[in-house]
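Q: I have a structure open and would like to go through some of its parts. Can we start with the strands?
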There are 2 protein chains.
Amino acid sequence: MLNQPSPLDLTFQALADPTRRALVERLVRGPASVSELAQPLDMSLPAVMQHLAVLESSGLVRSEKVGRVRTCRIDAAQLSLAEQWINQRRMEWVSRLDRLGQYLETLKDEDGEES
Amino acid sequence: MLNQPSPLDLTFQALADPTRRALVERLVRGPASVSELAQPLDMSLPAVMQHLAVLESSGLVRSEKVGRVRTCRIDAAQLSLAEQWINQRRMEWVSRLDRLGQYLETLKDEDGEES
């Protein structure tokens, strides 16, 4: 049974490529047209558009075509989704280290009482 | 020309799967053996080991075999790498919104002076 990829699957998948991360890095600074996005990249326009399609299907990027110009912008909510998942893991990790630290303190105190 | 995937590529790639995220969620709470990790998952042991191999090659998970038991633990530094990349984007995004807000305030002030 193959499940549909979740928004989080698609977001992390979209971020797993240096060109797509470069596009996100550019778009957090403001909207840009497809040709503006392609300009600094050393690849063909169709290749850039393919990367943008992956970013769009993940929800990280939205685009709108007015006349002949397609303008892309970031969807910060989708980026937050990935950020929240990772932050949550770090908080659990830190709280585990705190508990370990407290436990080690208890051992030290017990040791102190015995000696 | 195919470049080698970077640590960040491999980390986001590793997180782009719900089973691998479940393994990370379990391992941030403390080290576990492969069979402990497999126990709550509805899949074969070889499938779990394949997911663990992806996590290990990304650097998110490290494992050590003592006798017949392989124990896995999280490498929080690798998780931080992904977190930092996303946090950095959010900070740029927020600072852009701040600048936009300041600009809108300027427009409002100018409008106020004119009326």
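Q: In which sense do β2(A) and strand β3 of chain A pair, and over how many bridges?
A: This is a predicted model. In it, β2(A) pairs with β3(A), residues 69-74, in the antiparallel sense, and there are six bridges. Within that pair, A:V66 is opposite A:V69.

Q: What holds paired strands together in general?
A: Strands of a sheet pair through backbone hydrogen bonds, in a parallel or an antiparallel way.

Q: In what order do the three strands of the chain A sheet come?
A: The order is β1-β3-β2, in an open sheet with antiparallel pairing.

Q: Which strands stand at the edges?
A: β1 (32-33) and β2 (61-66) of chain A do. Each has a single partner strand, so one side of each has no neighbour in the sheet.

Q: Which helix packs on that sheet?
A: Helix α2 of chain A, residues 18-27. It touches β1, β2 and β3 of chain A, and its direction makes about 85° with that of β3(A).

Q: Over to chain B. How many bridges join β2 to β3 there?
A: Six, and the two strands of chain B run antiparallel. One of the bridge partners in β3(B) is B:T71, which goes with B:E64.

Q: How many residues lie between the strands in that hairpin?
A: Two residues lie between β2(B) and β3(B), and B:G67 has a positive phi near 65° in this hairpin.

Q: New topic: which residues make the nonpolar surface patch of about 470 Å²?
A: A:L97, A:L100, A:Y103, A:L104 and A:L107. A:L100 is in helix α5 of chain A, residues 76-114.

Q: Why does A:L100 count as partly exposed?
A: Because its relative accessibility is 38%, and partly exposed covers the range between under 20% (buried) and over 50% (exposed).

Notes
Residues numbered from 1 in each chain as written. Chains lettered and ligands numbered in written order. Predicted model: local features only at pLDDT ≥ 70, side-chain atom pairs only at ≥ 80, totals over all residues. Heavy atoms only, no water. Patch = residues over 30% accessible without salt bridge, like charges linked within 9 Å, V, L, I, M, F, W, Y side chains within 5 Å. Areas by Shrake-Rupley, 256 points an atom, 1.4 Å probe, with all protein chains shown as cover. Salt bridge = Lys/Arg side-chain N within 4 Å of Asp/Glu carboxyl O. Helix = DSSP H or I, 4+ residues; strand = E, 2+ residues; numbered from the N terminus. Buried < 20%, exposed > 50% of the residue type's maximum accessible area, 1.4 Å probe, protein only. Pairing = 2+ DSSP bridges. Contact = heavy atoms within 4.5 Å. Axes fitted to C-alpha atoms, helices over the stretch in contact; angles between N-to-C directions.
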